[in-house]
Amino acid sequence: MKYPVLLDDSTIGITPVSNGIFSEAEDMFNQAFKRMEERGFKIVLNEDIWGQEKARAASAEKRAAGLADMMADPNIDVIMPPWGGHLALEILEHLDFDTLQVKWLTGYSDISTILLAITLKTGIATAHMANIVDLRGRHMDKVTARWLDVLSCQQGAQIIQTSSERYQLEWDHEHPTDIVFNLTEKTKWKAVDEKGQDLSEARFEGRVLGGCIDTMRHLIGTSYGDIPAFRENHTEGEDVLWYIDVSELDTVDLKRSLTQMKYAGWFESSAGLIFGRVGKPSVKEDYTYKNVYQDIARELGKPVIYDVDFGHKPPQMAIINGAYGMIEMIEDKGQLIQRFK
C-alpha cells in the first residue's frame, strides 16, 4: 500500500468528480475555502466546480481531466472534490490509473466510487471522510477533527478514533452551528453475530475497503471493482474489513445490493462488515435495516457492527481505504484503529 501524508502547509486542490456547486451553495463553499486558508492550507480551484447542469458539474472527460491534472501537479498535495452527487462513475474510463501520483483524495457519498476504484487499481490509499463543505465551521467536533491527524499519519504508524457522543439526525443548511452540524441524538453503536443475534461486544480486523453502496455497487463486475486483484497485488492476503455507507437505499434495495456483492465474490475472505447510520431510511413492508444486517451476517457467517460514525449522518471518522483496521465495540461505544502498513 502507498500512503500519502498531509503536511501543515499543504495545498488543497478542489476539482469536481461528480456534482458541481450550484449558485445557492456558493456562499457555503467560499466559507469552506476561506476556513481552510485560515487553518494554514493553500487552495487551488478548478473553475469547473462552479455550476451544475444535467446532474453533473461538467462532462465526464472534463471532470476526469481536472482530477488527472491535479493528481499530476507537484504543487498540489491533497484533492478534495466539493461534494458527491450521482455520476462520478462516468469518469473512470477516462482516467489513466498508471499515472496517478500518491496524494490524498478525500470525500464521501458519490466521491467514494472514485476513492474505492483508485485504491483497488493502484494501491494508493484514499480517505472516506467529511467533504470540504462540511469542514467550514469555526470549530470542528472531536470526531470530525481527527481527519487532520489521520491524513498526517506516516507510513507504518497507527491512529485510533473513538465513537461520538451525539450525531446529527437531519441536515439544516440554513442554520449551521459553529461546527456546522446539529448533533442532537445520542450515539449508540450496535452489533449482531454470525447468527444474527445481538452482541454487547464485537471485534474484528482486516484490510479496510468500502464506501457508499448506493454508488460503489456499480463497480461490481467491472475492472474497477476487482477485489481479488487488489488483495493479491497490494496486501499480504488479509481478510477485508468492509465499511458500508447507506445513503438512500430502501431496505429491499440494500439487501439486493449486498446479495449482488456476495454473488460477485466481494465478501470472500471478509472479516466482517460495519455500516454507518442510514442517510434517508426507507423500510419496505416490515423488513427493517436491522433485519438486513442480521440476514447478511447469517449468510456470510460474519459479525456486523452498525450505526457507526461515518456516512450521511455526521459526524464521521476518517476511514482509509487500504489501511489495516481493527474495529471494536463494547456496549454502545467503540473505536477504530487503523495501521498504515
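This is a predicted model: local features need pLDDT of at least 70, side-chain atom pairs count only at pLDDT 80 or more; totals for chains, interfaces and linings use all residues.
Me: What about Phe97 and Tyr224, how are their rings arranged?
Reply: Those rings form a tilted pair, at 5.8 Å centre to centre with 40 degrees between the planes. Phe97 lies in the loop between strand E3 (78–79) and strand E4 (104–107), and Tyr224 in the loop between helix H5 (213–216) and helix H6 (227–234), so the pair ties together parts 127 residues apart in sequence.

Me: Why does Phe97 get called buried?
Reply: Its relative accessible area is 10%, and the cut-off for buried is under 20%.

Me: Which charged end sits over the ring of Phe97?
Reply: That's Lys121, whose charged end is 5.5 Å from the ring centre of Phe97. Another case is Lys341, which lies over the face of Tyr324 at 4.3 Å from the ring centre.

Me: Switching to strands. What is the strand order in the open sheet of 9 strands?
Reply: The order is E6-E17-E16-E11-E12-E13-E14-E9-E10, and the pairing is mixed. E6 and strand E10 (198–199) are the edge strands, each pairing on one side only.

Me: How does E17 pair with E6?
Reply: Antiparallel, over 5 bridges, with strand E6 covering residues 158–162. Ile160, for example, has Ile337 in E17 as its bridge partner.

Me: And how many bridges join E16 to E17?
Reply: Strand E16 (residues 324–330) is joined to E17 by 7 bridges, and the two run antiparallel. E16 and E17 make a hairpin with 2 residues between them, and Glu331 in the turn has a positive phi of about 55 degrees.

Me: Which way do E11 and E12 run, parallel or antiparallel?
Reply: Strand E11 (residues 201–212) and strand E12 (residues 240–245) run parallel, joined by 6 bridges. Arg207 has Val240 in E12 as its bridge partner.

Me: Now the inside. How many residues are in the largest nonpolar core?
Reply: There are 86, and those with the most contacts inside this core are Trp147, Ile244, Leu258, Met261 and Ile320. Helix H3 (residues 111–122) gives the most, with 7 residues. There is also a second, separate core of 18 residues, with Ala202, Leu241, Ile319 and Leu336 among them.

Me: What is Leu258 in contact with?
Reply: Setting aside neighbours within four places in sequence, Leu258 is in contact with Ile213, Ile244, Phe267, Phe275, Val292 and Ile296.

Me: Val292 and Ile296 are in H8, so which H8 residues are buried?
Reply: Tyr289, Val292, Tyr293, Gln294, Ile296, Ala297 and Leu300 are. Their cover includes strand E9 (190–192), helix H7 (251–263), strand E13 (270–276) and strand E14 (304–308).

Me: How far does H8 reach?
Reply: Helix H8 (residues 289–300) has 12 residues and spans 17 Å from its first C-alpha to its last, close to the 16 Å expected. Just after H8, Gly301 takes a positive phi of about 70 degrees.

Me: Which residue has a positive phi of about 60 degrees although it is not a glycine?
Reply: Ser109 does, in the loop between E4 and H3. Ser109 is buried, with a relative accessible area of 13%. Glu285 also has a positive phi, about 50 degrees, and sits in the loop between E13 and H8. Glu285 is exposed, at 79% relative accessible area.

Me: Last one: which peptide bond is cis?
Reply: The bond from Pro314 to Pro315 is cis, with omega near 10 degrees. Pro315 lies in the loop between E14 and strand E15 (319–321).

Technical notes
Residues are numbered from 1 along each chain as its sequence is written. Side-chain values use heavy atoms; hydrogens and water are left out. A nonpolar core is a set of buried Ala, Val, Leu, Ile, Met, Phe, Trp, Tyr and Cys residues joined through side-chain atoms within 4.5 Å. Buried means under 20% relative accessible area, exposed over 50%, partly exposed in between (1.4 Å probe, protein chains only). Helices (H or I, at least four residues) and strands (E, at least two) are DSSP runs, numbered from the N terminus. Contact means heavy atoms within 4.5 Å. The expected span of a helix is 1.5 Å times one less than its number of residues. Rings of Phe, Tyr and Trp (its six-membered ring) pair if their centres lie within 6.5 Å; planes under 30 degrees apart count as stacked, over 60 as edge-to-face and the rest as tilted. A charge sits over a ring if NZ of Lys or CZ of Arg is within 6 Å of the ring centre and within 35 degrees of the ring normal. Two strands pair if DSSP finds at least two bridges between them.
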